[in-house]
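Dear colleague,

I am handing over the structure below, and after it you will find my notes on what turned up when I went through it. Please read them with the coordinates open beside you.

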Amino acid sequence: MKTTYREAMRAAIRDAIQRDERVFLMGEDVGAYGGCFAVSLGLFEEFGPERIRDTPLSEAGFVGAGIGAALGGMRPIVEIMTVNFSLLALDQLVNNAATLLHMSGGQFNVPLVIRMTTGAGRQLGAQHSHSLEGWYAHIPGLRILTPATLEDARGMLWTALEDPDPVLIFEHGTLYNVAGELADDAGPVDISTAAVRRAGQDISLITYGGTLPAVLDAAARLAAEGIDAEVLDLRVLRPLDDAAILGSVAKTHRAVVVDEGWRSGSISAELSARITENSFFDLDAPVGRVCSAEAPLPYAKHLELAALPTVERIVAAAREAVGARG
Amino acid sequence: MTGTAARGTGKADSDHARHLLHQMLRVRRLEEQCVELYSAAKIRGFLHVYIGEEAVAAGVMSTLAPDDAVVATYREHGHALLRGVPAGAILAEMYGYVEGCCRGRGGSMHLFDAATRFFGGNAIVAGGLPLAVGLALADKMSGRSRVTVCFFGEGAVAEGAFHESLNLAALWQLPVLFCCENNLYAMGTALARSESQTDIALKAAGYEIASWSADGMDVLAVEEAARRAVDAVRAGGGPHFLELRTYRFRAHSMFDPERYRDKKEVSRWMERDPIDTLRTALEATGQLSGKDWKAIQREVEDEVKAAVEFAEAGTPEPLEDLTRFVYSERGAE
């Protein structure tokens, strides 16, 4: 069937609410408004205000309440409007959700799913555009998902809800309108492995989430130049699928990491370090990185574009790694 | 508000009053033992004792049912003990042993116990309030008539999470009882130096939450206030709020030189020691004999001694288990 990323996500929420009476969605404007990005549009009318629960603008309050409800036997889906707003709930996420199981010696797990929008590209400025999923991937106790395809938008949520521990799902804002074909019987997918989106022999382009489309475009451009790039979609930023990452590098001997987060202290730094630590002798070139400019995201379109990983920059980094061709 | 002076002297009342005295003494002696063990370097980390505030936990806990939930702070040894966590498991936790109620992963500030629905032990001031709101939300959505009780100090009132939680609880009419243990100091900062409005119950009332204060040095007054509130919450009356006016006799932690308060102020409050107050009142009305008091003391001594022996005999968790319980062990479910 023809669908969009947004519709696939909505179908996943609807499906989860129908499957399990413990599941409910809560967040700012998820109900009467229909969701800031219209993901939950129509669900309020379909399921009512108890299970599509509008909250006040109280990120710490409702994220903490999600943790408490999970402890109390529910399976909450908490929507945070954007990753920047999630910082208001950082205490609850890091000091409670991620720690309770360990601090309690294994007694209290937190089966909570949190969804939030991430990323730039929509001229929303520095308080609505950042990519902080790499920060969250730093935290033991959390599982970090970055669905980049229709299949993952449709399939990751249910598996995340079945996970006994907190799962954060980062939905890149530029993906919501991506349209395509999704199998009629599309359903739950795994939330532990990376996926090869394009097999290749010459270089591994490693990415996730919102930059996957640009990386696939770059791979197509590179193919026209005779460079056969493999595109690895991480899908899960914590725990990282080391076997897939290192396996790809063992095959291609070259890697470029593409990450919309900043370069310094980032998930791209972690990937580069793991490849260097584990696959140093497989490498024929230094690990390359394409990240966002080290500045708060600007509003002006030309500046924002210049700050972000683009197809051109990805192609250039790949060329450099393969050997200054072109 | 009635309290110690106005209670009945029937047998059931007397038995119950003696029970509360016993409960407060259990907390007092366990805390004194903790201080001793800290000084002997058996316990490390931060240690915050509840000496002086025992009437609050004793009065509130006695009104709860087994399947109610409790969320507490980092000064929670007494709450854990009176909720039913064995003293031995509490001490073993502070020793850092696997026999501790959290296998030694939590320590003094993070006691948890699934069996008694004791959800910590939260060391972020006001960090437990949103959890309590969520536990109550789960009960309400599931149609259960449980109550969640959340303890926090008056210092929490300045945090955003306090206000967000009270608003959510009132907005959704959740079955939660907020218990503010107002001991007048947020660590070393006096209430009047941190709050523009020092009437805390009034703040809760601003969220349309039924709220009142009680004498936190009088266990019978605390119990009566808590029973009224818990009954109302359980009956579907929405969230309630109690401000329990109490005082911490000891330093904030083992590292506190107490520069911020006058020794005379401390001694004035110590004249209102909740244990002495109840004991004296019961003796004066013939409800507590010298023999009764000795028996209570002996029972508490035995309990604490056994707890120390239990903790001393504890074992450290194997190092290879360090990263267990970061994620759930699904195979073991």
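**Core, domains and chain contact**

In this model, which is predicted, L205(A) touches V215(A), A218(A), A219(A), A229(A), E230(A), V231(A), V256(A), V258(A), I314(A) and A318(A), leaving aside residues up to four places away in sequence. L205(A) and A318(A) are also the residues with the most contacts inside the largest nonpolar core, which has 203 residues, and to which domain 1 (2-181) and domain 2 (195-322) of chain A each contribute at least three residues. As general background, nonpolar side chains in soluble globular proteins tend to be buried together.

Those two domains are what the domain assignment gives for chain A, and their C-alpha centres lie 26 Å apart. Where they meet, 23 residues of domain 1 of chain A are in contact with 21 residues of domain 2 of chain A. On the domain 1 side, the elements that give two or more residues are α7 (133-136), β6 (143-145) and β7 (167-172) of chain A, with β6(A) giving the most, three residues; by class, this side has nine nonpolar, eleven polar and three charged residues.

Turning to the two chains, the contact takes 33 residues from chain A and 34 residues from chain B. On the chain A side, two or more residues come from each of α3 (59-71), α5 (90-97) and α6 (100-103) of chain A, and α3(A) gives the most, with ten residues. That side of chain A is made up, by class, of 13 nonpolar, 17 polar and three charged residues.

With best regards

Notes: Residues are numbered from 1 along each chain as its sequence is written. Chains are lettered from A and ligands numbered from 1 in the order in which they are written. This is a predicted model: local features need pLDDT of at least 70, side-chain atom pairs count only at pLDDT 80 or more; totals for chains, interfaces and linings use all residues. Two residues are in contact if their C-beta atoms, placed from the backbone, lie within 7 Å. Helices (H or I, at least four residues) and strands (E, at least two) are DSSP runs, numbered from the N terminus. Ala, Val, Leu, Ile, Met, Phe, Trp, Tyr, Cys and Pro count as nonpolar, Asp, Glu, Lys and Arg as charged, and the others, Gly among them, as polar. A nonpolar core is a set of buried Ala, Val, Leu, Ile, Met, Phe, Trp, Tyr and Cys residues joined through C-beta atoms within 7 Å. A residue is buried if 20 or more other C-beta atoms lie within 10 Å of its own, exposed if 12 or fewer, and partly exposed in between; C-beta atoms are placed from the backbone. Domain bounds come from an automatic or database domain assignment.
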